[in-house]
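I opened the notebook to record, in order, what I looked up: the strand pairing first, then a charged side chain, then the salt bridges.

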Amino acid sequence: MHHYQINQQHSAKKQAGATLLGMLFVGGLIVFVALIAMKIFPAYQEYFSVKTVMRAMNKEPLSTMSKREIQDSFNRRADTGYITVIKGADLSIDKNSSGETVVSAQYQVVKPLFGNISVLMDFNATSDGK
């Protein structure tokens, strides 16, 4: 009987150790994911600002504006929206199948995570919201 109690105590200690190790692993994983999210969130926040500016520009008479006027309009809005990843000169200004002027921007953002590991994000925004 005495031998059984010792095995039971030993088993309980082993389980507690495994649980603590599991908790540390899960905690470390949560911290790791949170650090990555904190690094990439600003890039996504800026992308949504770019999309907002593009949608707002669609309310302007883009078809009657010159390329320079469209770029200046984007730059003015980008300054108030704290957009630094692209400028008006980086925009693509084309006509769609129905002859309407569509402004689009494609760009990449590289964010260093830690050591020599970085994450690359591709973004694409258009004035017609597609």
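Which order do the three strands of the open sheet have, and is their pairing parallel or antiparallel? Before answering, I note that I am working from a predicted model. I found the order E1-E2-E3 in this open sheet, with antiparallel pairing. I then looked up the edges, and they are strand E1 (92-95) and strand E3 (117-126), each of which pairs on one side only.

I went on to the pairing of E1 with strand E2, which covers residues 101-114, and counted off four bridges in the antiparallel sense. As one entry from that pairing, I wrote down that Lys95 has Thr101 in E2 as its bridge partner.

My next entry concerns Glu46, which I located in helix H1 (residues 2-57). Is Glu46 buried or exposed, and which side chain of opposite charge is nearest? I found that Glu46 is buried and yet has no salt bridge, the nearest side chain of opposite charge being that of Lys111, 6.5 Å away.

In one of them the side chains of Arg77 and Glu60 meet, at 2.4 Å from N to O. This pair links distant parts of the chain, with Arg77 in helix H2 (residues 67-80) and Glu60 in the loop between H1 and H2, 17 residues apart. I checked the accessibility of Arg77 as well, and with a relative accessible area of 27% Arg77 is partly exposed.

I then turned to the salt bridge between Asp72 and Arg68, where the closest N and O atoms are 3.4 Å apart. As for accessibility, Asp72 counts as partly exposed at 27%, whereas Arg68, with a relative accessible area of 53%, is exposed.

Methods:
Residues numbered from 1 in each chain as written. Predicted model: local features only at pLDDT ≥ 70, side-chain atom pairs only at ≥ 80, totals over all residues. Heavy atoms only, no water. Pairing = 2+ DSSP bridges. Helix = DSSP H or I, 4+ residues; strand = E, 2+ residues; numbered from the N terminus. Buried < 20%, exposed > 50% of the residue type's maximum accessible area, 1.4 Å probe, protein only. Lys, Arg positive; Asp, Glu negative; His and termini not counted. Salt bridge = Lys/Arg side-chain N within 4 Å of Asp/Glu carboxyl O.
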